[in-house]
Amino acid sequence: MSPFIKSLKEKESRLEQIASDVVKYAIEKGASDCEVSLGGAKGLSVSSRDQEIENIEYNNDNGMEIVVYLGKKRGGCSTTDLSKSALEDCVNNAINLAKFTDEDDCAGLCDKDMICTDFKELERVYENNIDADSAAEYAIDLEKIALENQKNGIKKSDGAALECSLYTSVLANSNGFCRASSASSIYTSIVLLGQGDDKMQRASGYSIARNFEKLSSKEEIVNEAIEKTLLKLNSKKVKTGKYNLIFKGAAAASIWSCLASAISGAAVYRRTSFLCDSLNQQVFPEFITINENPFVIGEFGSRNYDGEGSKVFESDIVKDGKLEQYLLGSYSSRKLKMKSNGHASGIHNWYVNFDKEHTMEFDDILASSGEGIVITDLMGQGIDIASGNYSRGAEGYYFKDGKFVHAVDGITIAGNLKEMFMNIELIGKDIDLRQKIKTGSILIKNMTVSGI
């Protein structure tokens, strides 16, 4: 066992003991049930600008949240002080708060038959032994590479960064669950400024991984920033009207994120989702399936249990266009008189799949779509999950006959998610593996665009 792993296991064991002691103390003080979430993050963040170090930050934070139950009454409290007296004060405060809350028949820990007992090795943690000097050198190198490969239209770097972190968490409850889990992450990026005819534009390239060795090369990160920045130059608005829209990269993933919000248990039991009463109903064309797999080695959406200690499962969220399940934790499942399916912490790894007929290369989607707009960036919060109404600011580029024509910004795209979901026609093979939602670009025809 390496010194790093040995030290990490010792930390996990220490935090498990603290969490276990807190649960025991809460029960001794009269709580009928108790759940403790305890975590610590250690990390380094370095940023540069104009090839000079701009900022160096270290962090080493700890914190605990506790929820206690007095029958069906619930009280919660949190603290960043892990001393024994502070933890006991936190428990006592939570119990005192619970005394003044109303009873809730759906309150309580996850069901005992849902507690996770099978723990797979998901390779979520790596040593990533990076100090401030090497992080600074890495960030400056990104800027140097960008300037050495400077193309017409690129003016300068607007900064580069490298961030690394190691997070250890423990979840414990009075049903006997007590488990520590650690995860590492490395994130690096560079932002470039470009200038066209009359205005500046900026765009970034980035890479994220659990293991430093799995980051994209510096050249790939810089090239992404250059390509995206140049793509934004000399932008124009388009006339208001109906357009074929191709959502690309993070913009495509955001469409599926709208689905996740709409089928969250809280939105469904509160009747604030346009997909209420849609279980087993057709919500997408029949050629679309979304598979969720929490057990993919090394992925950011991988885990053995959710935020309550419940089992998680590989399953289809959507199959042949039909909605197979809502995303339920214990509370929302009880409100809906259903069974939890391990989604107290949101979604895991989603894989969006279309049949062969509706899957093609990105360039082929462009060619087959005639003309329209590729949406690369979305802004604003104009999404009403209750009604499905969708309106967001957007940027991208206008295309015709499969070719780039000009950059587009200052537009608003609008529609209704229920119709947008059913009108999805094609998916690209250009999957952005950095996203928790694995999807290629998606084509939705005849969407409203407000321009000039």
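Visitor: Buried means under 20% relative accessible area, exposed means over 50%, and partly exposed covers the range in between. Where does Glu361 fall?

Guide: This is a predicted model. In it, Glu361 has a relative accessible area of 41%, so Glu361 is classed as partly exposed.

Visitor: Which residue forms a salt bridge with Glu361?

Guide: Lys429 does, with the closest N and O atoms 3.9 Å apart. The two residues come from distant parts of the chain, 68 residues apart: Lys429 is in the loop between β17 (424-428) and β18 (437-438), and Glu361 is in the loop between β12 (359-360) and α8 (362-368).

Visitor: How many salt bridges are there?

Guide: The count is 21 salt bridges, where a side-chain nitrogen of Lys or Arg must be within 4 Å of a carboxyl oxygen of Asp or Glu.

Visitor: What does Asp50 pair with?

Guide: Asp50 meets Lys156 in a salt bridge, at 3.7 Å from N to O. Because Asp50 sits in the loop between β1 (33-49) and β2 while Lys156 sits in strand β4 (residues 154-173), this pair ties together parts that are 106 residues apart in sequence.

Visitor: Which residues are linked in a network of salt bridges?

Guide: Arg49, Glu54, Asp158 and Arg202 are linked in such a network.

Visitor: Changing topic to the sheet: what is the strand order?

Guide: It is an open sheet of six strands in the order β3-β2-β1-β4-β5-β6, with antiparallel pairing. The edges are β3 (73-79) and β6 (200-209); each has a single partner strand, so one side of each has no neighbour in the sheet. From one strand to the next, the twist averages 20°.

Visitor: Which helix packs on that sheet, then?

Guide: Helix α1 (residues 3-28) does, touching β1, β2, β4 and β5, and its direction makes about 50° with that of β4. Helix α3 (residues 132-148) lies across β1, β2, β4 and β5 as well, running at about 55° to β1.

Visitor: How many residues of β4 are buried?

Guide: Of its 20 residues, 14 are buried, so β4 is mostly covered.

Visitor: How many bridges join β4 to β1, and how many to β5?

Guide: β4 pairs with β1 over 14 bridges in the antiparallel sense. The pairing of β4 with strand β5 (residues 178-195) is also antiparallel, over 16 bridges.

Visitor: What lies between β4 and β5?

Guide: The two strands form a hairpin with four residues between them, and Gly176 in the turn has a positive phi of about 100°.

Visitor: Which residues form the nonpolar surface patch?

Guide: The patch consists of Ile53, Ile56 and Tyr58, with about 310 Å² of accessible area together. Ile53 belongs to strand β2 (residues 52-70) and is partly exposed because its relative accessibility is 37%.

Visitor: How far apart are the C-alpha atoms of Ala98 and Asp198?

Guide: They are separated by 60 Å, and the two residues are 100 residues apart along the chain.

Terms used
Residues are numbered from 1 along each chain as its sequence is written. This is a predicted model: local features need pLDDT of at least 70, side-chain atom pairs count only at pLDDT 80 or more; totals for chains, interfaces and linings use all residues. Side-chain values use heavy atoms; hydrogens and water are left out. Patches are made of residues with over 30% relative accessible area and no salt bridge: like charges are joined within 9 Å, nonpolar side chains (Val, Leu, Ile, Met, Phe, Trp, Tyr) within 5 Å. Accessible areas come from the Shrake-Rupley method with a 1.4 Å probe; for residues, only the protein chains shown count as cover. Buried means under 20% relative accessible area, exposed over 50%, partly exposed in between (1.4 Å probe, protein chains only). Two strands pair if DSSP finds at least two bridges between them. Axes are lines fitted to C-alpha atoms, for helices over the stretch in contact, and angles run from 0 to 180 degrees between N-to-C directions. Contact means heavy atoms within 4.5 Å.
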